[in-house]
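Here is a short report on one protein model. Look through the sequence and the fold first, then read on.

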Amino acid sequence: LSVFDKVEQGPPDAVFGIVDRFNKATAEWKALPTSDPKAADEFKPINIIVGAYRDENGKPWVLPTVRQIEKEMAEDPALEHEYLPITGLKTFIPAAQKLMFGEEKPTFASVQVLSGTGAIYTGFSFLKNHVNCTKVIGPTPTWPNHPSCAKTAGLEYGSYPYYDNAKNSIVWDQLIESLEKAEANTVVLLHACAHNPTGMDPTNAQWEQLADLFTKRATTSPLIPFFDCAYQGYASGDVEKDAFAVRLFTSRGLPVIVAHSFSKSMGLYGERCGCLHIACSSADAVKRVTSQLSIFIRATYSNPPGHGAKIATKLLSEPAKYDSWLKDLNVMTARLHAMRTKLREGLEKAQKESGAASVQNRDWTHITTQTGMFSFTGLTKDECAYMEKEHKVFLTPNGRISIAGLNDSNVERVAKCMIDSII
Ligand code: PLP
């Protein structure tokens, strides 16, 4: 008998657990004899679960700019696979800072970390260990890994109201009221753009109002704005516009922290490329903060991976590559935009054709007003379960669908199944 035998089974991950069910259903579908009517394409399981871009054929897409850089790297005799420094590739840091904060050189302690998730965990651990923070609050709903990262870093996790699922809108007054009441030194998790899962961001005027709230509290009972920036370029299609909130809070001199991911914007998911930025007000503070981050990184994974950071640095520093990347970003956002329109049209058509009185007044405007990778459809948990069981369309139980998983061959079917699930 081993001492490990009594370890309890943990619950499956909220997202990857559904992917496992999708993979199983796909394997079963593929194993069907061609004579079985269920082997037809219209019964093929559909994955609209994960937030990873897919092309019009449902396949992962390596950005052409990234592909070109990888070719150049492969032919470069100077390319090696040595360890990076603990805080990451030296040339990557200023390139990531410029993308996030623009031309102005703010005083930030920035380190290359294991993508967005690594930045969130490293940032939370830093706040717990060096700033005496005890609590993070995040929007309801949010990405399920936020509470998990906070708890693993030893912080309490709470929430603030963000979204009304029935009305498909941000509950702004409740949000403001809740943040006005939050205890001093609370870490407030904010989605910089393309809010996951709702796809609804505050307007620029609302961000100004929020920055006013943080500024007003700054000297008496400060809050710490922690931006999760996982979708820069995905909300508006413009990396500068999507940096609005982060740059606004930074310009106010607030103690901004940013978890900056390159997974989605450059399609570098598995390369774990990201940056953690922590605002300081002196070069000396930058040095001290960086020293503590280095100690943490050295003891957890020693140093970050090189491949993705080398790609990102080339892409951000060579003007022709940068321009070509902006075009790639536009290909992705334009396709997502087109899919939103087709899904909404499909829903409106399917609800009319269904003839069911219960769905005739259903409004689908939010499908096209939401931005980013996801749509928060408004489907209930039971409706999502029905979609999976009856139609083999897999989505998360909060009604979120990944627009990137839609394409011309499946969007109409998804729309019909959605209407069928609510009748
Ligand atoms: N934050 C949000 C809101 C996300 O949706 C994701 C990925 O799905 C991440 C952070 C982190 O992604 P990664 O660790 O791949 O950068």
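At what angle do the axes of H4 and helix H9 (residues 283–300) cross? The axes cross at roughly 115° and come within 11 Å. Axes here are lines fitted to C-alpha atoms, for helices over the stretch in contact, and angles run from 0 to 180 degrees between N-to-C directions. Helices (H or I, at least four residues) and strands (E, at least two) are DSSP runs, numbered from the N terminus.

Two notes on the model come first. This is a predicted model: local features need pLDDT of at least 70, side-chain atom pairs count only at pLDDT 80 or more, and totals for chains, interfaces and linings use all residues. Residues are numbered from 1 along each chain as its sequence is written.

**Two helices that cross**

H4 passes H9 in a right-handed crossing. A crossing is left-handed if the near helix is turned anticlockwise from the far one by less than a right angle, and right-handed if clockwise. From H4, the residues Thr122, Ser125, Phe126 and His130 take part; they meet Gln292, Leu293, Phe296 and Ile297 in H9. By class, this contact of H4 with H9 has 4 nonpolar, 4 polar and no charged residues. Ala, Val, Leu, Ile, Met, Phe, Trp, Tyr, Cys and Pro count as nonpolar, Asp, Glu, Lys and Arg as charged, and the others, Gly among them, as polar. Two residues are in contact if their C-beta atoms, placed from the backbone, lie within 7 Å.

**Around the ligand**

Helix H4 (residues 115–130) also gives the largest share of the shell around the ligand, 3 residues. The residues around the ligand include Ser115, Gly116, Thr117, Trp143, Asn196 and Asp228. A residue is near a molecule if its C-beta atom, placed from the backbone, lies within 6 Å of it. By class, the shell has 3 nonpolar, 8 polar and 1 charged.

**A covered helix**

How many residues of helix H10 (residues 307–317) are buried? The count is 9 of its 11 residues, so H10 is mostly covered. A residue is buried if 20 or more other C-beta atoms lie within 10 Å of its own, exposed if 12 or fewer, and partly exposed in between; C-beta atoms are placed from the backbone. Among the buried residues of H10 are Lys310, Ile311 and Lys314. The buried residues of H10 pack against helix H2 (64–75), helix H3 (92–101), strand E2 (108–114), strand E10 (273–279) and helix H11 (319–354).

**Loop residues**

Thr377 is in the loop between strand E11 (374–376) and helix H13 (381–391). Why does Thr377 count as buried? Thr377 counts as buried because it has 29 C-beta neighbours inside 10 Å. Leaving aside neighbours within four places in sequence, Thr377 is in contact with Gly399, Ile401 and Met418.

Ser265 is in the loop between strand E9 (257–261) and E10. Ser265 has 24 other C-beta atoms within 10 Å, so Ser265 is buried. Not counting residues up to four places away in sequence, Ser265 touches Gln232, Gly233, Tyr234 and Leu329.

Arg272 is also in the loop between E9 and E10. Phi of Arg272 is near 55°, a positive value in a residue other than glycine. Arg272 is buried, with 22 other C-beta atoms within 10 Å.

The loop between strand E7 (187–191) and helix H7 (204–217) holds Pro197. A cis peptide bond joins Asn196 and Pro197, with omega about 20°. Asn196 is also one of the residues around the ligand. Ala194 is in the loop between E7 and H7 as well. Its phi is near 50°, a positive value in a residue other than glycine. Another cis peptide bond joins Thr140 and Pro141, with omega about 0°.

**Sequence and space**

The table sets separation along the chain beside C-alpha distance.

| Pair | Apart in sequence | C-alpha to C-alpha |
|---|---|---|
| Thr377 and Thr198 | 179 residues | 8.4 Å |
| Ser265 and Pro255 | 10 residues | 25 Å |
| Glu208 and Ala245 | 37 residues | 8.2 Å |

Glu208 belongs to helix H7. With 15 other C-beta atoms within 10 Å, Glu208 is partly exposed.

**The annotated span**

UniProt places the feature "domain: Aminotransferase class I/classII large" (unreviewed entry) at residues 46–416. UniProt positions are given in the numbering used here, feature names are shortened, and annotations may be inferred rather than shown by experiment. The end C-alpha atoms of residues 46–416 lie 13 Å apart, and the span is 44% helix and 15% strand.
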